[in-house]
Every structure is written in structure tokens, then in C-alpha cells.
Amino acid sequence: MIRFDNASKVYSRGARPALDGIDVEIERGDFVFLVGSSGSGKTTFLKLVLREERPTSGDIWVAGRHLNRLSNWRVPQLRREIGTVFQDFRLLPNKTVYQNVAFALEVIGKSRRDVKATVPEMLELVGLAGKERRLPHELSGGEQQRVAIARAFVNHPPILLCDEPTGNLDPGTSVGIMRLLDRINRTGTTVLMATHDDEIVDQMRKRVIELKGGQLVRDQDRGVYGLETV
Amino acid sequence: MRLRFIAGEVWNGLRRNSTMALSVALVTFVSLTFVGAAALTQMQVQQLKDAWYGQVEVSIFLCQPDAFEENCVEGAVTTVQQDEILAVLEEGNVADRVESVYVETREEVYDNIVAADDSGVYAQLEPEDLAPVLRVKLHDPEQFQVVADATAGLPGVQSVYDQREVFDDLFSLLNSATILAAVLAGVMMLTAILLITTTIRLSALSRRRETNIMRMVGASRSLIQAPFMLEGAAAATGGAVMAIAGLWLAVKYFVEGWLTGSVAWVDYVGREDVWAVAPWLILAAVGLALIASLLTLKRYTRA
């Protein structure tokens, strides 16, 4: 589903590479934690998957597409196959819960009927049924993140990227979000989650990929957050 | 769905940014008014040329008895010389450009001079002191120089005079007015492009959150950019409509209402000419907005 073949990214000439010769393969339906300290290259990794950046060298395949050769006008097609969730939710403050989720479908040209059928289903899935007409500021942090997840997944993309989705949430709320992501993963969706949250990584016992200084230092099935320090 | 979405975005954008939209409309209004005024002035020049040149003639003055021009060294024009000149005009290689030649006799020339002379200065002249004049009408008055070259050197021709010279001052005045209007229009258009660029940039920055989400969920680049482009185009088109209305009012009240009444011997441009210019002004407005969008959007709504 996602494959990095000796992929490196150097932002400015002469600088230390943000990612250095990464070789990794993530299969369809995997749940993978991407861990590492700030500046380890997690964000660059996600940006490469989204084709926000291109690799300086090496090859990247995502959802059957060779990103090195993907032309700019095809990038939107790629992004329709990737849902993205961020630490800061990134909801539109003047749109309701329903409108925020519907927005993602409207802008890719789905019909009104599709939107009307899909959005309530998705809000039900993330546990927000009955809160369609609330505005984001009327919701708790956890609920806002659920809206963001609903928006990312409403189009049923085969890949879900999460960049610190629990970073702004308390531990109890985070567990709820992780349960939701796990549920989504069970539908066959590949989930790639960058995180600092060691408790969650340790509890979930999923595959862990650790980056350090732009290099892949660990790729472990059913791993924990800080293996080296244990 | 997408059309509704784009229309909604455009409407929201214009509403949220109404003062900027108004300023874009106004600057476009002023610049296109100058463009339209320049176009109408040129149409007026063309109209005057068509109307007046059809009536003007080239006058070939034949040698008077006391003429000292070099073609007149033998004194007054002879009948043989006059026939030769006529032959050049009617059968020579300029014949196809000549519509008609009227020979104004000495007596007619004399009568015309005396009739036009209020002071009596010319009363002592006799028809014998004068020479006939050939009044030549051309198919195309612009071909004056060719006819003048063919006849000016012939023996018996004292001088060749083109009545168009009378109008040249007026036309050069109108042409200067056109150039002035065009230069002002150019400066204002540049201002309009810069202002629209700034407006679109502000609009794109204020809606960054939206456009980022759109990029993220896979909206096409054209869908992301369309609302901004249309917003600029809508504001600029508003300006074009104002410019057309302004020109229409100016022609109706100034040209048709006042000039036609006070200087009646001229054929003026009319409201129908404003309608002829109108589509071009709207096209220009949309063009302005598109240029400005292309200059801006690439940087602010990247894929």
C-alpha cells in the first residue's frame, strides 16, 4: 500500500537530510505507529506519502502509484485515496459538524444524494449522531477530533494518515479516539499514525516504525514506544 | 453540485470582502471608461473621415498668367497643356483612382472668388488674370499623394492642393485625445491588475484553512482556484458594467443631447456605438481578472 525504496529527502542543499535512505513497506490493512522525537523525520515521512513533497532520491509508491512520476494534476486523485487527521483538528469554524464532513465530499464532486446518504452514516460511526448541527466550538476536543476523523474517512479512502491525533487530548479521550481508529482499521483501511504518545503505542501493540535523525532505526511488529530505553 | 459549491464560495467571498470587491469594481470602472472613451474617439475620427473625405476634392490649380512656379515658365496654361493634364487624369495610370474631374473655368473661378470676397479687395481682378482649376474627386481620398505626384510636375500645373489638409488639425487633435485616453487607460489597467492581485491574495490568505482542507481531501486545483478567479472576474465585470453605463450616459447627454444641438454639422458617435464597444469592455474586464489571478494563485493555492 505504501512503499519507500531507499527514499531520502534533503530540504536545502548541504543540510542534514530530513529522511535518509528509508526502506519500508506497509501492507494493505496494516496499523502502523510512526514514532520518534521531534525532528526525527515523521512529518516529512507523511508529507512524502501525501506528495506534498517529492523525495530527493529513491522511490515511493502509494496506493499503486509511483509518486516520483505522478504529475501535479493527478495529485488530487491520490489524495482522494488518503484520509488525513491532524493534531489541531483543522475544522472550519463557521460550518456545522454536518457541513464540515459534507464539505469533503462536495469538493470532490459527489452528488447531493450521496452526501445526504453518507454523512449521517459516518457521524454515526464516529459516535456523533445527534450533534450534526453543532459548531466546532460547541464541541469538546475529543468530539472535534471525531469530526475530523469522520471528514477524513467519509470518502472511504484505503489509507488513513494521522499526525499526532491525540496530541491535544487527555488520556481518557485519547483512548476513545484510538478505539475509533482501530475500528476503522478493521474495515481494511491502512492506518499510519505518527505519535509521541508512548502509553497508547504500548497499549495497542501494533507495528512500530521508529525514526531517528531521519533514519529508520526500528521496524517491529507488536512493538512498544521506547524499546531502547526499556 | 460543484457549480453550486463554486457559486456559494464566490458569493461568500464577495460578501466577506465587500470593500475590496468594491474597490476592484471602481478601479476597473475608471480604467475601462478611459478605454471606452479612446475607442469612441477613434470611432468618431473614422466616422468623420468617412463623411468628409467623400466630399473633399483635390484641386489642381493651372498656371495663371503671372505665376512664377517652374511649371509655369511659359506663362498661362495653354489649352494643349490642359488637355494633356486631363488625359493623365482620365486615361493615364492614375485614371482608375479618379472618380471624376470637373473643369472650373476662369469665369467660374472668378465668380466664386468675388462671391466669397466681402472686402472688395479682389474686385479689381479680371477673369483673364486667373486660370482654370481642375476639381478632381478620388475613389479613395487617401490616394491623394499618388494623384498629386502624377500631376504636380506636368507643364501648366501651378500647384496641387488637397482639401484634406483643412481637417488634419482636427484629426491630429482627436488622435492626441485618443492617445492620452489610451495612456491613462494603460496606467489604470495596470493599477487594476495590481489591485485585483492584492485582493485575490488577501482573499486566498483569509481562506487558507478552507483551501488547505480542499487540497487535503483531493479537490482539483481548478475547483480550488475557480472561486477566487470568479470573484475577481465578478468584481471587474461590475466595473465594466459601470463603465458602459457611464459612457452611455455621456453619449446620451453630452454628445446626443448637447453637442448635436450646438455643433450640428458633424456626424457624432451614438449610443449604438457604446453598445458596439460594450462586449469588448466586458472581455477586457474578465481578461484583467484572469491575468491577475494567474499572477497570484499559483503561489497561494498550490497543489
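Chain B is split by the domain assignment into domain 1 (2-52 + 168-300) and domain 2 (57-162); such bounds come from an automatic or database domain assignment. The centres of domain 1 of chain B and domain 2 of chain B lie 53 Å apart, taken over C-alpha atoms. This is a predicted model: local features need pLDDT of at least 70, side-chain atom pairs count only at pLDDT 80 or more, and totals for chains, interfaces and linings use all residues. Residues are numbered from 1 along each chain as its sequence is written, while chains are lettered from A and ligands numbered from 1 in the order in which they are written.

**Confidence**
- The average pLDDT of chain B is 83, and 97% of its residues score at least 70; pLDDT is the predictor's confidence in each residue, from 0 to 100.
- For the complex, the predictor gives an ipTM of 0.86 and a pTM of 0.70.

**Chain A overall**
- Chain A has 7 helices and 10 strands. Helices (H or I, at least four residues) and strands (E, at least two) are DSSP runs, numbered from the N terminus.
- Along the principal axes, the C-alpha atoms of chain A fill a box of roughly 50 × 45 × 30 Å.
- Of the 230 residues of chain A, 43% count as buried. Buried means 20 or more other C-beta atoms within 10 Å of the residue's own, exposed means 12 or fewer, and partly exposed is in between; C-beta atoms are placed from the backbone.
- Among contacts in chain A with a separation of 6 or more, 67% join residues 24 or more positions apart. Two residues are in contact if their C-beta atoms, placed from the backbone, lie within 7 Å.

**Positive phi in chain A**
- F89(A) is not a glycine, yet its phi is positive, near 65°. F89(A) sits in the loop between β6 (82-86) and α3 (97-106) of chain A. F89(A) is buried, because 20 other C-beta atoms lie within 10 Å.
- H156(A), also not a glycine, has a positive phi of about 50°. H156(A) belongs to the loop between α5 (141-153) and β7 (159-163) of chain A. With 13 other C-beta atoms within 10 Å, H156(A) is partly exposed.

**Nonpolar cores**
- The largest nonpolar core has 70 residues, of which L34(A), V101(A), A150(A) and L160(A) touch the most other members. A core is a set of buried Ala, Val, Leu, Ile, Met, Phe, Trp, Tyr and Cys residues joined through C-beta atoms within 7 Å.
- The most residues in this core, 7, come from α3(A).
- Another core lies apart from it, with 45 residues, including A185(B) and F228(B).

**Where the chains meet**
- The contact takes 19 residues from chain A and 15 residues from chain B.
- On the side of chain A that touches chain B, α2(A) gives the largest share, 4 residues.

**R164(B)**
- R164(B) lies in helix α6 (residues 164-206) of chain B. R164(B) is partly exposed, with 17 other C-beta atoms within 10 Å.
- Not counting residues up to four places away in sequence, R164(B) touches Y53(B), V56(B), P141(B) and F144(B).
- R164(B) and V73(B) are 91 residues apart in sequence and 29 Å apart in space, C-alpha to C-alpha.
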